[in-house]
Amino acid sequence: MKKESYVVGLMSGTSLDGIDSALINIVEIDGKIEVKLIDFINEPLEEELKEKIKRALSKESSNVELICSLNFELGYSFSNAVKNLCKKANFDINNLDIIGSHGQTIFHIPKAYGEHIKSTLQIGEPAIIAYETETTVISNFRTMDMAAGGQGAPLVPYTEYLLYRGDKNRVLQNIGGIGNVTVLPRYCKLEDVYAFDTGPGNMIIDEVTKNLKGISYDKDGYFASIGNIKQDLLNELMSIEYISMKPPKTTGRELFGKQLVDCILNK
């Protein structure tokens with residue numbers, strides 16, 4: 001039996017470098033799944049919108065009014081990304097079956113502390129996306145993962161299990177704003193798969209590049225390639241408690257954001 005779906009996936013990550021939008025065709029034939037990428041776009045976030053997100057991320061500058069408004073504003077931005085992608089791909093948006101939207105993470109508490117319980121918050125109102133595109137939207141992936149007892153991240157292990165399991169041990173390392181890894185033992189069953197955030201990725205690199213070079217990121221790793229390792233600083237960063245914690249573990253800007261970069265640069 002053959003089942004076929006056209007899906008758009010939306011992602012705006014911790015790096016705040018833009019909205020990723022991918023149009024894919026998923027075909028299932030007798031239980032075997034084939035995935036084909038039809039088209040993809042990355043739409044950079046406008047500076048004004050990016051600054052609003054940064055304010056919403058900060059304990060010092062965030063407020064409920066800002067988050068309430070930004071939730072809808074990002075919903076419209078995500079909707080436009082879907083429309084622009086379909087236009088670029090010359091694909092009739094009416095033929096879309098599903099949109100999957102991760103949303104923009106505003107705050108993440110993987111473990112309870114003080115009076116705060118384990119929780120996470122993503123914005124980018126899915127009702128806006130559904131109404132604007134007239135398409136079913138699936139969202140709240142992180143919140144459901146937490147509701148089921150997880151830490152809300154990483155979110156890719158299930159799809160990587162479907163796509164990459166086989167007769168070899170495989171480790172898939174992703175370096176986004178935060179790095180994460182999925183471990184797929186050979187001939188694994190779903191319950192054998194595990195994944196966790198390894199630590200900071202582009203988040204710190206981008207912030208350092210912005211401070212020292214006045215540009216948003218280190219294109220092709222140029223500055224990194226001509227530098228030298230400062231061993232005492234590396235040792236200090238590797239001594240951060242999170243690095244040696246045993247999984248399951250997740251992290252984000254709360255630990256590895258601008259405040260850490262400011263501390264490093266001040267030293």
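Modeller: Helices (H or I, at least four residues) and strands (E, at least two) are DSSP runs, numbered from the N terminus. Just after H6, for instance, glycine 214 takes a positive phi of about 75°. This is a predicted model, where local features need pLDDT of at least 70 and side-chain atom pairs count only at pLDDT 80 or more, while totals for chains, interfaces and linings use all residues. Residues are numbered from 1 along each chain as its sequence is written, and side-chain values use heavy atoms, with hydrogens and water left out.

Biologist: Why is threonine 105 called buried?

Modeller: Buried means under 20% relative accessible area (exposed is over 50%, partly exposed in between; 1.4 Å probe, protein chains only). Threonine 105 has 12%, so it is buried. Its place is in strand E4.

Biologist: What makes the pairing of the threonine 105 and glutamine 122 side chains a polar contact?

Modeller: A polar contact is a pair of N or O atoms within 3.5 Å; within protein, one must be able to donate a hydrogen and the other to accept it, and residues adjacent in sequence count only if both atoms are side-chain atoms. Here the distance is 3.2 Å, so the pair is within the 3.5 Å limit.

Biologist: How do you know that H6 has the span expected of a helix?

Modeller: The expected span is 1.5 Å times one less than the number of residues. H6 (residues 202-213) has twelve residues and reaches 15 Å from its first C-alpha to its last, close to the 16 Å expected. Met203, Ile204, Asp206, Glu207 and Thr209 are buried in H6. Among the elements covering them are strand E8 (178-184) and helix H11 (258-266).

Biologist: What makes a set of residues a nonpolar core?

Modeller: The set must be buried Ala, Val, Leu, Ile, Met, Phe, Trp, Tyr and Cys residues joined through side-chain atoms within 4.5 Å. The largest one has 27 residues, of which Val8, Leu10, Ile53, Leu96 and Ile99 touch the most other members. Helix H2 (64-88) is one of the elements that each supply at least two residues, and H2 gives the most, with nine. Another core, of eight residues, lies apart from it and includes Met203 and Phe256.

Biologist: Which residues does leucine 96 contact, beyond its neighbours within four places in sequence?

Modeller: Contact means heavy atoms within 4.5 Å. Leucine 96 is in contact with Tyr6, Val7, Val8, Leu23, Val82, Cys86, Phe91 and Thr135, leaving those neighbours aside.
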